[in-house]
Amino acid sequence: MQRLRHKVLANGLFLIHAGWVAVLIGGAFFIVGNRWYIPYHLSIVSGTLLLNLILGGCPLTWWEERYRKAWDPMTESFENSFVAAYLKKLFGINMTSKQANWALFGLKAVSYYISINLLIKG
């Protein structure tokens, strides 16, 4: 029963995290034609950047990995990157966690920059 609970929690965290990443990445494109969304996107990007800088990673990644390993001890380590872990697991794309984290940081920074410029230009 406890293992089932860990699986449900891990899957729930995956859905939340995948949704967050989709909003973060999709929002970078969505703001171009929907300027009303810029303040919301800036909040999401700012919060994510701050969490990553302060904590050195994403708590959702750590929690999901913890519950996955509690459910199945043979689960591979996420190595502090949700994106790298799932690119490998779902698509067979090998990317180090460092590469994935830098790519995401760059995307967040560019998205932030675009949001600020669109906001200033009105």
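Visitor: Which side chains meet in a salt bridge at 2.9 Å, N to O?
Guide: Glu-64 and Arg-68. A salt bridge here is a side-chain nitrogen of Lys or Arg within 4 Å of a carboxyl oxygen of Asp or Glu. The structure holds 3 of them.
Visitor: Where do Glu-64 and Arg-68 lie?
Guide: Both are in helix α3, 4 residues apart, about one turn of the helix. Side chains of opposite charge can pair when their charged atoms come close.
Visitor: Before we go on, what kind of model is this?
Guide: The model is predicted; local features need pLDDT of at least 70, side-chain atom pairs count only at pLDDT 80 or more, and totals for chains, interfaces and linings use all residues. Residues are numbered from 1 along each chain as its sequence is written, and side-chain values use heavy atoms, with hydrogens and water left out.
Visitor: How many helices and strands in the protein chain?
Guide: 5 helices and 0 strands. Both are DSSP runs numbered from the N terminus: helices are H or I, at least four residues, and strands are E, at least two. The C-alpha trace spans about 55 × 30 × 30 Å along its principal axes.
Visitor: New topic. At what angle do α2 and α5 cross?
Guide: Roughly 145 degrees, with the axes of α2 (residues 38-55) and α5 (residues 97-121) coming within 10 Å. Axes are lines fitted to C-alpha atoms, for helices over the stretch in contact, and angles run from 0 to 180 degrees between N-to-C directions.
Visitor: Which residues make that contact?
Guide: From α2, they include Ile-38, Leu-42, Val-45 and Leu-49; from α5, Phe-105, Tyr-112 and Ile-116 are among them. Contact means heavy atoms within 4.5 Å.
Visitor: And which residues make the nonpolar surface patch?
Guide: Leu-50, Leu-51, Leu-53, Ile-54, Leu-55, Trp-62, Trp-63, Trp-102 and Phe-105, about 980 Å² in total. Patch residues have over 30% relative accessible area and no salt bridge; nonpolar side chains (Val, Leu, Ile, Met, Phe, Trp, Tyr) are joined within 5 Å, like charges within 9 Å. Areas are Shrake-Rupley with a 1.4 Å probe, and for residues only the protein chains shown count as cover.
Visitor: Which helix gives the largest share?
Guide: α2, with 5 residues. Trp-102 lies in α5.
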